[in-house]
Amino acid sequence: MPRRRRTEDSKELQPSLNRFAEDTSMLGFRYLHTRYKTWFRLVWALVLTFFVGLTVYQVFERIAYYFIRNPLTTRRSYDSPQHMHFPTIGICNKMQLKASAFAAREPELLRFLSLTYDDAGQVTENRTVLEALGMFDNVDSLSMHRAAHQKVEDLFLSCEIGKKGSCIDDIRPILTQQGLCFVVSPNMTVRRPGPETTLSMLLNLEVYEIIPGTVSDSGVILSIHDPNDSSSQHHTDGIHLEAGKLVTIPINEVRKLSRYSEYCGRRAIGPFSRRQYSRESCEWVSATQAVEKACKCRPVNSPYNRNTFADQKMRDVYLYQGKPHRRLKPCTIKQEFDCVAKFASQQLDAVADSKQCPENCEDVTFSSVVFGGRLTSSDVSPFLPSDWEDIKESKVAEFQRALDVIPSHRIPVVREVQSLAESAQEFAQLTEKIFSLLPNVVTVPCLAPKGARELERAMIHFKSREPMWERITTYLMRSLSRELNSTASALGLFLKSDGSIDGQASFAHNESMVAFSLLQLGLLENRTGNSFGLRIMDVKTRERLLEFVVPFIRDLRSCLMKIHDNAERSSEIAEDCRRIFREYYDVLLDAKKVYALGDQSSIAVVDYTSNMGRIVTALRRFMFVNRVQILNWHDFEIDLKEFESLDGGSDNLEIHELMKLRKLMLSDILEYIGLLKTFYEQGLQARRNVLRRLGIVSPRHQGLTAIETTITCLVNISNEIPLIKKSAFVRGEWLSRIQRQVEIAQSYSATPQYDQVNLLHVKLYFAHFKQEIIVQERSYNMFLLLAEIGGTIGLYVGATLLTVAETIVFFFEERTRKVLVKPAYL
């Protein structure tokens with residue numbers, strides 16, 4: 001039965017398939033008709049299946065590409081407008097709380113606050129310090145912060161823009177997620193780019209007022225905003241500028257980005273209305289609410305406290321996500337550091353990562369570069385108030401109270417100076433050990449380690465115990481070298497005036513010179529025992545030396561005789577003669593090296609002594625004779641008034657003189673040590689060689705021990721000097737750092753250094769009127785998509801929308817014939 005049913009279904013299907021193959025306009029389907037052979041129909045069925053599948057795949061791929069993976073496209077345009085509105089400038093000082101304000105109201109609180117941060121700039125884990133902050137829970141933290149913040153007149157000493165003049169009245173405070181900042185809104189239209197419409201601001205950063213640990217890198221954050229978008233002013237990312245600089249910032253281009261409406265938005269959140277919305281303000285509110293939930297209080301830097309620090313009227317109840325958000329109790333000082341400081345940055349990062357705040361629909365950014373140089377007093381004097389010196393005196397006097405309260409080990413300049421002092425002290429201890437320095441005795445390391453000339457006395461003892469070296473040297477220089485000079489010339493050698501052999505050999509056979517050398521060697525052999533220098537030797541040494549010299553002369557004479565008898569082989573034989581000459585003669589030269597060990601005027605000894613003496617003298621002056629005060633500073637017990645005088649004082653001179661010898665101390669002296677060590681090592685090796693060749697046995701004595709001790713000392717020094725290179729004191733940055741700290745210490749007084757350390761002069765203007773407009777749009781619309789899909793279907797299967805509609809009607813035609821076909825045609 002089932003088989004018959006399938007056969008019947010197949011019979012019913014064949015007429016329908018044949019009719020479809022005959023009626024459809026789609027290409028290829030006609031070959032599915034039963035009139036074609038089965039194998040041909042199967043081939044076409046496979047071809048049609050492949051192209052239909054390819055059509056379906058490409059249709060869905062295009063839909064996914066344009067509507068899922070790349071839904072947007074960017075359209076850019078550029079123009080140069082005739083005029084531009086001057087941007088709003090945000091200035092946010094990283095120094096948010098003035099130490100002098102706390103010292104005037106709650107000095108004990110200032111002392112604990114300075115202990116709240118560790119050396120890494122993080123809130124301390126010391127619970128004792130954090131619990132101690134609980135003693136100040138009765139202090140109104142909002143009022144305290146409001147009093148400790150800089151005012152407009154504190155930060156802005158001058159504000160001028162173009163021909164408009166003063167812009168002090170255009171400055172207003174604004175609370176941001178980073179603290180209290182200031183916004184400069186000139187409300188000015190610039191008609192022509194160039195420096196004539198420059199915004200000039202002279203800022204007093206009051207770096208010295210930083211409570212220790214609260215700021216890791218002092219300076220201000222300068223941000224540039226669209227003057228028509230007040231919401232962006234709460235976003236404080238920008239350019240970091242340090243005090244003590246004269247900075248010029250030309251604006252080269254304005255870039256405006258318009259996002260597609262589905263990918264951005266505005267909504268009311270917290271104290272910000274829908275018009276005031278920005279993604280940054282949304283993140284700020286969300287992070288603050290998370291902190292409030294965790295800490296059960298409202299932090300000082302809450303967007304709900306904007307009315308406390310700026311003239312903005314706000315309600316007491318805010319709606320957040322449809323729910324009323326009532327005011328919480330302000331966080332106490334302890335809660336600010338023990339809870340808020342730990343959660344605030346974490347929550348802000350979490351909100352940024354969660355993407356719960358929609359992007360801004362309009363973003364305006366300003367492209368600029370920063371040029372800067374060191375600020376001098378003459379650069380800013382025209383912009384300073386007329387009573388600036390009195391203002392400085394007043395500010396310094398107020399800060400002095402804070403300086404008296406803050407523990408010395410938490411004062412930044414004291415900490416830095418102590419660190420530099422410890423580097424100098426480590427250097428002093430290391431060099432004192434390496435160079436064997438003594439307070440009251442001038443020493444020469446290794447040669448006179450305790451001030452006395454031990455090595456010199458040992459060399460005198462050496463000469464007295466072994467006088468033969470002087471006798472042999474005298475015999476060599478006064479007699480033998482002169483008598484062998486003609487023989488050496490005949491062999492192509494040249495003897496210098498000091499008795500040494502020139503390294504180059506140049507032989508040319510000369511019969512007469514060879515004959516003369518034979519005659520001279522014969523005479524020398526017969527009267528060697530009466531030569532000058534031998535008669536003053538002791539008997540044993542003279543015998544040993546004669547037993548060495550006589551065979552030397554005989555071997556030379558025998559070799560020269562071969563040259564005389566075999567002129568055609570003279571060059572070959574001369575090479576053997578030179579080898580014999582050197583083999584014997586070098587032993588006598590070694591004796592001369594041994595004699596030179598006791599010569600304190602040798603180049604190696606003089607160079608080492610003079611250069612090492614320079615180093616030792618400078619170190620002794622640095623550590624003992626004119627001991628610099630920085631070596632006496634321990635445990636942060638540093639008098640800043642005394643430290644201020646370092647610049648230009650005797651200590652400064654001693655440090656600079658020592659720094660001039662850095663190259664000599666760290667590298668050049670190693671060369672002189674190596675030469676002296678080689679000098680003594682070669683002398684001892686020469687002594688062993690001569691004694692072995694002459695067959696003389698000499699017992700050890702004090703002189704030999706002193707030389708060997710000197711060599712060991714030189715090796716130790718050469719191994720230890722590289723350790724000095726690791727000292728921070730000898731690096732170039734140490735001197736610049738100490739000079740910077742002197743300048744900072746001097747800025748604690750009403751001096752020109754106050755201006756150089758605390759003031760910042762900023763100039764900002766439009767360099768060009770260039771504007772880039774970026775608009776995000778849908779990458780495709782429905783009509784273009786249909787056109788591409790239609791092209792795909794037409795390319796692969798030759799179909800159109802009408803063909804698809806016709807195919808649908810065909811499959812429903814049997815069931816709807818009575819509806820669609822007239823009765824006469826049924």
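Which residue in E9 does Ser 158 stand opposite? It is Leu 202.

Some ground rules before I go on. This is a predicted model, where local features need pLDDT of at least 70, side-chain atom pairs count only at pLDDT 80 or more, and totals for chains, interfaces and linings use all residues. Residues are numbered from 1 along each chain as its sequence is written, and side-chain values use heavy atoms, with hydrogens and water left out. Helices (H or I, at least four residues) and strands (E, at least two) are DSSP runs, numbered from the N terminus.

Buried means under 20% relative accessible area, exposed over 50%, partly exposed in between, with a 1.4 Å probe and protein chains only. E4 runs antiparallel to strand E9, residues 199–204, with 5 bridges joining them. Two strands pair if DSSP finds at least two bridges between them. E4 also pairs with strand E5, residues 165–166, over 2 bridges, again antiparallel. There, Ile 161 stands opposite Gly 165. The E4–E5 hairpin has 3 residues between the strands, and Gly 162 takes a positive phi near 45°.

Next, an open sheet. Its 5 strands run in the order E6-E7-E3-E10-E11, with antiparallel pairing. E6 (171–176) and E11 (239–241) are at the edges with a single partner strand each, so one side of each has no neighbour in the sheet. E10, residues 220–225, is joined to E11 by 3 bridges. Ile 221 stands opposite His 240 there.

Now the helices. H20 (residues 603–625) and H23 (residues 662–694) pack at about 145°, with axes 9 Å apart. Axes are lines fitted to C-alpha atoms, for helices over the stretch in contact, and angles run from 0 to 180 degrees between N-to-C directions. Among the residues making the contact are Tyr 608 and Leu 619 of H20, and Ile 669 and Phe 679 of H23. Contact means heavy atoms within 4.5 Å.

Is Asp 755 buried or exposed? Asp 755 is buried, at 4% relative accessible area. Its side chain makes a polar contact of 3.1 Å with that of Trp 388. A polar contact is a pair of N or O atoms within 3.5 Å; within protein, one must be able to donate a hydrogen and the other to accept it, and residues adjacent in sequence count only if both atoms are side-chain atoms. Leaving aside neighbours within four places in sequence, Asp 755 also touches residues including Leu 375 and Lys 392.
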